[in-house]
Amino acid sequence: MTVDTGGRERLLLAGERLVAERGPDAPLRDIAVAAGQRNNSAVHYHFGSRENLIVAIVQRRQDGMDRARMAMLADLPDPSRTDDRLADLVEVLVAPMFTVPYEQGSTHYARFLDRVRTHPDVSTARNLDHWPATRMLVSMLSDTLTHLPEDERVERLSATSSALFALIADHESHAAARPRKVSPRPSQATITAMTVGMLSQPTVAPRRDAVFDTVTGRRGLDISVF
């Protein structure tokens, strides 16, 4: 029996594009049609379910990015010989996201990832045990955040990754727009710098003396603290 590997590849690309455009609930029939498949059940034939298709798309791109990160980590200078360890590590995190998917033929991966990042099956697929370089990188990033309590490091890394996905998705959307969007797209250098900034920002304790008055819409002093 001949396995149609080309059909599977087309489904991956079509699924990536339609999920990016319509969300995780994009009709499987539309994905099959976009992939040039006559059988409306092609997704189930090749992947078993919608969830497995989404996971397969993530794994396909992440595998390539993990290999790129492993190579970049090997080339990093010794921590004692660099002035900004955090910036070096963020570059390893961000740079492959701007190159690897598109070298593989993707046109919509950043927007796809931004759409599915909270999907429970993607959370399972993103188990870092699958990707040793990314697991190592996350640990190294956490170790640089010595200005944060341990529990806040996890929170900061999670929130920063969500912002990073959205920023790269916006970059990709601007690049693909026809005609070009008037507003400038965020550059890779800008997104990298913003990511460093989000991680390096110290904890700011909330002001206990400031409350929001829902009647006047103004912020004032909370006299209860006196």
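**Entry 1: ground rules.** I noted that this is a predicted model, in which local features need pLDDT of at least 70 and side-chain atom pairs count only at pLDDT 80 or more, while totals for chains, interfaces and linings use all residues. I also noted that residues are numbered from 1 along each chain as its sequence is written, and that side-chain values use heavy atoms, with hydrogens and water left out.

**Entry 2: the chain as a whole.** I found ten helices and two strands in the chain, where helices (H or I, at least four residues) and strands (E, at least two) are DSSP runs numbered from the N terminus. Read along the sequence, the pattern is α-α-α-α-α-α-α-α-α-α-β-β. Of the 226 residues in the chain, 40% are buried; buried means under 20% relative accessible area, exposed means over 50%, and partly exposed lies in between (1.4 Å probe, protein chains only). I then looked up contacts (heavy atoms within 4.5 Å), and among those in the chain with a separation of 6 or more, 66% come from residues 24 or more positions apart.

Entry 3: I began with Arg17 and Glu21, whose side chains meet at 3.7 Å, N to O. These two are four residues apart in helix α1 (residues 5-22), and are therefore separated by about one helical turn. Arg17 is partly exposed at 31% relative accessible area, and Glu21 is partly exposed at 42%.

Next I looked at Arg156 and Glu152, which form a salt bridge at 3.1 Å, N to O. They too are four residues apart, here in helix α9 (residues 150-176), so about one helical turn separates them. Arg156 is buried, with a relative accessible area of 14%, and Glu152 is buried, with 17%.

Arg117 is partly exposed at 25% relative accessibility, and Asp114 is partly exposed at 26%.

**Entry 4: α6 against α9.** Asp114 came up again when I turned to helix packing, as one of the α6 residues in the contact with α9. Helix α6 (residues 109-116) and α9 pack at an angle of about 140°, with their axes 8 Å apart; axes are lines fitted to C-alpha atoms, for helices over the stretch in contact, and angles run from 0 to 180 degrees between N-to-C directions. That angle makes α6 oblique to α9, since angles under 35 degrees count as roughly parallel, over 145 as roughly antiparallel, 65 to 115 as roughly perpendicular and the rest as oblique. The crossing of α6 and α9 is left-handed, a term used if the near helix is turned anticlockwise from the far one by less than a right angle, with right-handed used if clockwise.

**Entry 5: α5 against α10.** Which way does α5 pass α10, in a left-handed or a right-handed crossing? I found that the crossing is right-handed. Helix α5 (residues 85-103) and helix α10 (residues 188-200) pack at about 135°, with axes 9 Å apart, which means that α5 is oblique to α10. The residues in contact include Val90, Val94 and Phe98 of α5 and Ile191, Val196 and Leu199 of α10.

Terms used: Salt bridge = Lys/Arg side-chain N within 4 Å of Asp/Glu carboxyl O.
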